[in-house]
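Have a look at the picture and the sequence before you read on.

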Amino acid sequence: MIWHNRSIEDIEKELHTSATRGLTQSEAAAHLDTYGLNRLTERKKKTFLQRFLEQMKDFMVIILLIAAAVSAVLTIVEGHNDWLEPIIIIAIVLLNAFLGVIQESKAEAALEALKGMSAPNAKVLRDGIVSVINAEQLVPGDIILLDAGDFIPADARLLESASLKCEESALTGESLPVEKDASVIVDEIAPLGDRVNMVYSGCSVTYGRGKAMVTETGMSTEMGRIASMLNNESENQTPLQIKLAKLGKTLGLLALGICAVLFVYGIVTGQGLFDMFMTAVSLAVAAIPEGLPAIVTIVLAMGVRRMVKKNAIIRRLPAVETLGSASVICSDKTGTLTQNRMTLMEVYTGGKTLDLSDTSHEGIQALLRLGVLCNDGRVEKGEDGTFKHVGDPTETALVAAGLHFGIDKGKLETEYPRVSEIPFDSDRKLMTTVNYIDGKYVAIVKGAPDILLSRCVDGHPEEALKANDEMASRALRVLAIAYKDLDAIPVDPQPQDIEQGLHFAGLVGMIDPPRPEVIDAIKTCKGAGIRPIMITGDHIATASAIAKELGILEDGQQAITGAQLAQLSEEELRENIRSYSVYARVSPEDKIRIVKAWQDTGEVVSMTGDGVNDAPALKAADIGCAMGITGTDVSKGASDMVLTDDNFATIVSAVQQGRGIFDNIRKAVIFLLSCNLGEVLAVFVCMLLFGRSPLLPIHLLWINLVTDSLPALALGMEPVEFDVMNRRPRAKNESIFANGMGWAAGLQGLMLGAITLMAYWLGCSHFFSVSAFGSSADPALGQTMAFGVLALSQLFQAFNARSRHSLFRIGPFSNRWMIGAFFASAAILMLVLLLPPLRSLFQLVALPLHEWEWILALSISPIVLVELSKFVLWISHKWKNRVDS
């Protein structure tokens, strides 16, 4: 229902109420039955069990459970009572599920925060009597009374307003309090921030008082509409979750396919059914990197810890990687791109426009003294040395500027005390104080330039108005200051007497300036192929001026208002989305439309915000970034990441970390898959050639979980590469094996499989003294050699996975975590190979010294071969660049 465009009489009839006496108790009860309680509803929460079971839907988890079940059945059939393998597999599955539940985003926190923003009580007029009731009992038609400091309990149409100002930044994103006026009829299509005859639930009264008629309650309020959008917005899967799910399904199908082929081969060649089941389990274990989900989670968690030091708190682990994919950053203006503090930029006095660089300029000092005296704002210095601004932002900007010029408000008021005043009024748009200055009573007036200049008798008002227009064209908020001498203290000061015949002193222009570090951050974004977009509730002139200064709005790009956006269809918006860099005076629905339009073009969208109005878009975006300082609990609850310093530059730093973390995850994934591919090839080929497996399931499980895991985690600690922000963002559909990584994993897997088979051959044939196929072949010795070479070669392979660059270029010892992981894993391997009890548990045999020489030689070969290939590729790249140039 549109209320801001209707008269009070129409609304009274519509809601069956009276503006003078309010509802009766019986009418209120009837309305309560019709409209329901004034509170927000929420969708049913998932139970812990539901969350846990959802983790079990992953295809790779299902394959692991099948492998565990088969292993358990075979253990029972074989009668050996060897439950180690199924127990380990089940333990891994349960651990990953619990980690998933713990890290899962809790979207209902946003709704809880919304509920917490509701006012607990309300002053209401019923039967002509004012009383305080629980805000949940408010109904449309109730008359509420509002005073400074009150939370607004419901959406309402103003009946009366006296200097009323409301803080609506949570809904509109506009940093300054909104002046309200009950007497106006607002245009039907006016955006939320311009509906000055309305007040809204969840906002607060900062100044003055008012009387209003409740028009909407509960889920019908603007706050309720946002809650509905939060309820209806589904959780998006991150690119990493999609890639890992696809990878898991591929690996699972690969394992099943290979098992089926090998099983048929075994039946055809007369192999035993039981033996083929055991081999199938071996291949399933070899094909699936059981530790991958846990390793990815741990690497992400380590990235989270690293990002906390960069002022970014991650609420959902996969969001770390999503940041690295971000190709569009939609940012709020106030407090994120700007300092969220009105700052005096220039003044006009003596017929000249001046900046504030000359702190000794007498004209500027005289003007600021007047502005500081006619002022109710304060700037207080805290114990930590920071300054706290208390009061209207435009007034505190004057006080802060005075401090910059050595003018202390407290001392100045002591020297020139205020003896009378006429408070600011939204109708007059002026404020007046009378101060005792140098033995005279002086009236100081400040306010809107057009109004104040019409009251002045000197000062060249036409030139001053021209200067005002020039300041305003640069999106500065301008105040005029004037004064006049009085004969005595006015007993009953009246505006028509005091605020006439004034002497013009000057103009002051202020703005919420950009953060200085944001300009460089914007340049970094563009260099990284990321498009920065400004979405704000502020006016288009202010937003455009800031955007141009920051480099967001460039030639050929446009700024658009929410009203203009509403005229575009979804198709038109998608077609023109790349033309718009600034969106001003937008609604919560507009923000979601913008985010989804970018997503429809295939972009990965990051959205920043701090207000309740930002929450639906934060949740709809691929990565939602809430402000930690100014952000509401609602926006934080709907976000993936919280910036503790409310700084756009932190987002760019987080993107850099996200890209580095994804690189590290990909290195770990490629390392694990190359190792697993080597295992699969070794088992598959050996079964085809020899009719038996070179490795037992327990060998493969041990290597996957123990030997591989520590190096994979160490890969997650690799430093972010220096050129990571010179790359284009990854596309949503880009494979984890893109840019040749799949070929590298395949070739390195072939290499590991080949040296494992060679080790098995050497062990079985006693170094060619007997045939590996003959009756004197020693499978136990061959399995021991294969186990030792496969495990140790994978440790060396981890060094190859650290970078595409040569190991010697990045420094063999530059990652101390990798060095520690290598020696720790090697030590565990030696315990298994050397200690008789462990050796017996793994069905291995003792190795003579000369066989250790072969193990070491074969295990080191991956580094030699990969370093040679990297060198050849480096020479090829250099030659290509030379030819191209």
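What follows is a short tour, from the whole chain down to a few single residues.

## The whole chain

This is a predicted model, where local features need pLDDT of at least 70, side-chain atom pairs count only at pLDDT 80 or more, and totals for chains, interfaces and linings use all residues. Residues are numbered from 1 along each chain as its sequence is written, and side-chain values use heavy atoms, with hydrogens and water left out.

The chain holds 34 helices and 25 strands; helices (H or I, at least four residues) and strands (E, at least two) are DSSP runs, numbered from the N terminus. Of its 885 residues, 54% count as buried. Buried means under 20% relative accessible area, exposed means over 50%, and partly exposed lies in between (1.4 Å probe, protein chains only). Among contacts with a separation of 6 or more, 72% come from residues 24 or more positions apart. A contact here means heavy atoms within 4.5 Å.

## The nonpolar cores

In soluble globular proteins, nonpolar side chains tend to be buried together. A nonpolar core is a set of buried Ala, Val, Leu, Ile, Met, Phe, Trp, Tyr and Cys residues joined through side-chain atoms within 4.5 Å. The largest one has 122 residues, and Met 307, Met 641 and Phe 648 have the most contacts inside it. Helix α26 (residues 648–690) gives this core its largest share, 19 residues. There's also a second, separate core of 65 residues, which includes Ala 170, Leu 192, Val 595 and Ala 626.

Which residues does Met 641 touch, not counting those up to four places away in sequence? Among them are Met 307, Ile 313, Leu 323, Cys 625 and Ala 654.

## Helix α26 and its partners

Two packed helices are described by the angle between their axes and the distance between the axes. Axes are lines fitted to C-alpha atoms, for helices over the stretch in contact, and angles run from 0 to 180 degrees between N-to-C directions. α26 packs with helix α30 (residues 779–800) at about 155°, with the axes 10 Å apart. That makes the pair roughly antiparallel; angles under 35 degrees count as roughly parallel, over 145 as roughly antiparallel, 65 to 115 as roughly perpendicular and the rest as oblique. Phe 671, Ser 674, Cys 675 and Glu 679 of α26 meet Leu 790, Gln 794, Gln 797 and Ala 798 of α30.

With helix α27 (residues 697–707), the angle is about 170° and the axes are 11 Å apart, so α26 and α27 are roughly antiparallel too. Here Asn 676, Glu 679 and Val 683 of α26 contact Leu 700, Ile 703 and Asn 704 of α27.

Leu 807 sits in helix α31 (residues 807–810). Is Leu 807 buried or exposed? Leu 807 counts as buried because its relative accessibility is 6%. Leu 807 and Glu 867 are 60 residues apart in sequence, yet 7.4 Å apart in space, C-alpha to C-alpha.

Most residues other than glycine have a negative phi, and most peptide bonds are trans. Asn 311 has a positive phi, near 70°, and lies in the loop between α11 (292–308) and β8 (312–314). Asn 311 counts as partly exposed, at 31% relative accessibility. Lys 429 also has a positive phi, about 60°; look for Lys 429 in the loop between β14 (418–425) and β15 (430–437). At 38% relative accessibility, Lys 429 counts as partly exposed.
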